[in-house]
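Thanks, everyone. Let me put the model on the screen, and then we'll go through its side-chain contacts.

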Amino acid sequence: MANTNDTYELIELIQKIYNQGRLDPFISFIDSQNRILLYLLTHENAHPSEISEELNFSRSNIANCMKQLEQLNYIERSINAENRREIYVNITDKGREYITIQVNEICKIFSLWLDILGDESEHLINILRISSSESSATEEFYRLADELKKNAHIEGKEEEQEWIY
């Protein structure tokens, strides 16, 4: 189990980074409108209910976001000619250009973080993979943490043995 002081320090550091505005690009990247645009990049003729379900948004949130996105000309809605109750939503070229810029900006930040971490970036990616999994994420997280502790302990002993020689 992690040291309580380390846990508090982690929380304080994240709060400090947040207060400095360094998380702003990430926070704006994951806002509702951008998440809808990201979804529409890979889903043509999406239905609002499908978007709502996939992104876990309320229908009213989807409706409000789509109204704003449509005003910005980032999406267009069309009615199915065969079933007038069915609405299709698609991203426009302007929306595609906007979200591509956002993706490129966040990729620059993440690339910098991964470069700073070097070989340790694999551990961060594993933690995020496990955390994003819906099935027994907590159990898998603790399994990985125990494995990392064991590896660190073994590596520490190997380093000690090198000093003995």
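Buried means under 20% relative accessible area, exposed means over 50%, and partly exposed is in between, with a 1.4 Å probe and protein chains only. Keep that in mind throughout.

Some ground rules. This is a predicted model: local features need pLDDT of at least 70, side-chain atom pairs count only at pLDDT 80 or more, and totals for chains, interfaces and linings use all residues. Residues are numbered from 1 along each chain as its sequence is written, and side-chain values use heavy atoms, with hydrogens and water left out.

Aromatics to begin. A pair of aromatic rings is described by the distance of the centres and the angle of the planes. Rings of Phe, Tyr and Trp (its six-membered ring) pair if their centres lie within 6.5 Å; planes under 30 degrees apart are stacked, over 60 edge-to-face, the rest tilted. The structure has three such pairs. Take Tyr 74 and Tyr 98: they are stacked, 4.7 Å centre to centre, with 20° between the planes. This pair links distant parts of the chain, 24 residues apart. Tyr 74 sits in the loop between helix 5 (59–71) and strand 1 (75–79), Tyr 98 in helix 6. Helices (H or I, at least four residues) and strands (E, at least two) are DSSP runs, numbered from the N terminus. Is Tyr 74 buried or exposed? It is buried, at 13%. Tyr 98 is partly exposed, at 26%.

Next, Phe 110 and Trp 113. That pair is tilted, at 5.5 Å and 50°. Both residues lie in helix 6, three residues apart, about one turn. Phe 110 is partly exposed at 29%, and Trp 113 is partly exposed at 37%.

Now charges. A salt bridge puts a side-chain nitrogen of Lys or Arg within 4 Å of a carboxyl oxygen of Asp or Glu. How many does the structure hold? Three.

- Glu 70 with Arg 77: closest N and O atoms 2.8 Å apart. Glu 70 is partly exposed at 29%, Arg 77 partly exposed at 32%.
- Arg 96 with Asp 93: 3.6 Å, N to O. Both lie in helix 6 (residues 93–117), three residues apart. Asp 93 is exposed at 63%.
- Glu 105 with Lys 108: 3.3 Å, N to O. Again helix 6, three residues apart. Lys 108 is exposed at 54%.

Last stop: Ser 121. It lies in helix 7 (residues 121–132) and is buried, at 15%. A polar atom of its side chain lies 2.8 Å from the backbone oxygen of Gly 118.

Key
A polar contact is a pair of N or O atoms within 3.5 Å; within protein, one must be able to donate a hydrogen and the other to accept it, and residues adjacent in sequence count only if both atoms are side-chain atoms.
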